[in-house]
Amino acid sequence: MLALPVMKKICVLGVPLGLVIASGVALADVTVTFQLAEPTDSFGQELTVGALGFLAASTQDDVFGEGADLMNSGLSVGNFYGDDVILGVFEVEELGGAGSGIFGFNGLVTYGPSDYANLDEDDRFQFYWFPDVTTIGTTLLGGESYGSYRSDSITSGSTIAFFAPADGTTNNLFVNSESVGGDVQNALLQANQVVPEPTSASLLVMAAAGALAARRRPRSRDCLAALRLG
Ligand SMILES: [Ca+2]
C-alpha cells in the first residue's frame with residue numbers, strides 16, 4: 001500500500017518512474033555510492049576493520065579544514081567544522097566480502113536539498129580517514145592521525161569527481177588505490193597528517209584561565225565565611 005502515494009506523486013509531477021529511487025529517498029535527494037579502497041595508516045599499512053572515515057562538503061569556500069581546524073570536531077553526520085559539514089561516516093570493512101583481502105570504505109550518502117545550510121551543487125567534497133578512531137561521535141583531539149583526499153578528476157568507476165552533484169541524481173564516487181588496480185597513487189591514500197597538540201600559546205591561555213579561577217576561590221570562601229558569621 002506504500003506504493004500508492006508514490007504513484008500519485010508521479011502522476012502529479014509527471015516524472016518518469018525511473019527517477020524514483022529506493023523507498024525513503026525523495027525525488028530531489030542526492031545519492032552517492034561512495035567507495036575508497038585500500039587507504040593506509042601513517043606507516044602505509046592497511047587499516048583495521050572498524051576504523052572510521054567521513055565524506056565532507058565545503059559549503060562556503062573551496063578549502064577544507066585540516067590539522068587544528070579538526071580539533072574538537074565530533075565525528076558524526078551533520079556536524080560542521082567551520083563551513084565544512086560531514087555528509088557520511090563509514091567504517092573500514094573487507095570490500096567484496098571476507099577473504100577478498102581488500103579493505104576500505106563503502107556506503108551510501110543521501111541528503112536532501114535543504115538538509116545542510118549553504119550546500120549547493122558543485123561544492124567540493126573531501127574524504128578523511130582516521131586509522132585509530134573506531135567510535136562514531138568521537139571528538140577529535142590533538143595527536144590524532146588522519147589522512148584526507150579529494151580530486152577534481154573523475155577516477156575509474158566513478159560518475160562524479162569530488163563535487164556535490166545535482167539534486168535528484170544518483171552517483172558513484174569510487175577511489176581505488178594502485179595497490180588494487182585503481183588509478184590513485186598509494187601515497188595519496190596514506191594517513192600522513194596529525195591533528196596538532198594544543199600550541200604553547202593556547203596552553204598559556206588555559207593557564208591564565210586557571211590562575212583567574214584560583215584567584216576567585218578565596219573570595220567565594222570569604223563570602224561563605226561572611227554568611228556563616230551573619
Ligand atoms: Ca571550507
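Visitor: Which residues touch the most other members of the largest nonpolar core?

Guide: F34, L55, A56, L87 and W129 do, out of 41 residues in that core. Keep in mind that this is a predicted model, where local features need pLDDT of at least 70, side-chain atom pairs count only at pLDDT 80 or more, and totals for chains, interfaces and linings use all residues. Numbering starts from 1 along each chain as its sequence is written.

Visitor: And what makes a set of residues a nonpolar core?

Guide: Its members are buried Ala, Val, Leu, Ile, Met, Phe, Trp, Tyr and Cys residues, joined through C-beta atoms within 7 Å. Here, strand 1, strand 2 (52–58), strand 4 (84–91), strand 6, strand 7 and strand 9 each supply at least two residues of the core.

Visitor: What is L87 in contact with, leaving aside neighbours within four places in sequence?

Guide: L55, A56, A57, V77, V109 and Y111. Contact means that the two C-beta atoms, placed from the backbone, lie within 7 Å.

Visitor: Why does R124 count as partly exposed?

Guide: Buried takes 20 or more other C-beta atoms within 10 Å of a residue's own, exposed takes 12 or fewer, and partly exposed is in between, with C-beta atoms placed from the backbone. R124 has 19 such neighbours inside 10 Å, so it counts as partly exposed. Across the protein, buried residues make up 26% of the 230 residues.

Visitor: Where does R124 lie, and what does it touch?

Guide: R124 is in strand 7 (residues 124–130). Not counting residues up to four places away in sequence, R124 touches A57, S58, D62, R150, F162 and F163. R124 and F163 are 39 residues apart along the chain, yet their C-alpha atoms are separated by 4.4 Å.

Visitor: How many helices and strands are there?

Guide: Two helices and 10 strands. Both are DSSP runs numbered from the N terminus: helices are H or I with at least four residues, strands are E with at least two.

Visitor: How do you know that strand 5 and strand 6 pair?

Guide: Pairing takes at least two bridges found by DSSP between two strands. Strand 5 and strand 6 have two bridges, in the antiparallel sense, so they pair. E93 stands opposite G104 in strand 6. Strand 1 (residues 30–37) and strand 6 (residues 103–111) also run antiparallel, joined by eight bridges, and L36 has F105 in strand 6 as a bridge partner.
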